[in-house]
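Have the sequence and the 3D view ready.

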Amino acid sequence: GAEGKVLHGMKNSLRDTIKYLFIEIHASHLLVDYSYKQILDVLLNSGFKLFELDNFRDTTSPVLIPIVGDAYENFINPNKWTEDQIKRERMIFATKDS
């Protein structure tokens, strides 16, 4: 649940060096010190485009869903999550490629 702490500690690398990142986001009761919004915003402020790997545990071909607009708002608000999303970790793919 320390995703936010890890990302915050590597802000310079996120901004200057890293082009791709996979990060598993834990359920809210496991997060330490950072909200979903803060986690996503660290990545967005570092220049990344964000995608959720939908159903990444149950298939060999997960679907990439852009985390923009309503998808961003739904991701940062656990009250809008499905029961399955609440029970399992969610996977984010961040990229600086267009």
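Q: What makes E2 and E4 a pair?
A: Two strands pair if DSSP finds at least two bridges between them. E2 and E4 are joined over four bridges, in the antiparallel sense, so they pass the test. In one of these bridges, Leu50 has Ala94 in E4 as its partner.

Q: Before we go on, what kind of model is this, and how are residues numbered?
A: This is a predicted model, in which local features need pLDDT of at least 70 and side-chain atom pairs count only at pLDDT 80 or more, while totals for chains, interfaces and linings use all residues. Residues are numbered from 1 along each chain as its sequence is written, and side-chain values use heavy atoms, with hydrogens and water left out.

Q: What do names with E and H stand for?
A: They are DSSP runs, numbered from the N terminus: helices (H or I) have at least four residues and strands (E) at least two. Asp41, for example, lies in helix H3, residues 36–45, and Lys49 is found in strand E2.

Q: Which other strands pair, and what is the order in the sheet?
A: The open sheet has four strands in the order E1-E4-E2-E3, with antiparallel pairing. Strands E1 (20–25) and E3 (63–66) stand at the edges with a single partner strand each, so one side of each has no neighbour in the sheet. From one strand to the next, the twist averages 30°; angles like this run from 0 to 180 degrees between N-to-C directions, with axes as lines fitted to C-alpha atoms (for helices, over the stretch in contact).
E1 and E4 pair over six bridges, with Leu21 opposite Ala94 and Ile23 opposite Ile92. E2 and E3 pair over four bridges, and Leu53 stands opposite Leu64.

Q: Why is Asp41 called buried, but Lys49 partly exposed?
A: Buried means under 20% relative accessible area, exposed means over 50%, and partly exposed is in between (1.4 Å probe, protein chains only). Asp41 has 18% and so counts as buried, whereas Lys49 has 39% and so counts as partly exposed.

Q: How do you know that E4 is mostly covered?
A: Six of its six residues are buried. Arg90, Ile92 and Ala94 point one way, and Met91, Phe93 and Thr95 the other way.

Q: What makes the link between Asp41 and Lys37 a polar contact?
A: A polar contact is a pair of N or O atoms within 3.5 Å; within protein, one must be able to donate a hydrogen and the other to accept it, and residues adjacent in sequence count only if both atoms are side-chain atoms. The side chains of Asp41 and Lys37 make such a contact at 2.6 Å.

Q: Which residues line the largest pocket, by type?
A: Three are nonpolar, two polar and eight charged. Ala, Val, Leu, Ile, Met, Phe, Trp, Tyr, Cys and Pro count as nonpolar, Asp, Glu, Lys and Arg as charged, and the others, Gly among them, as polar. E2 gives the most to this lining, with three residues.
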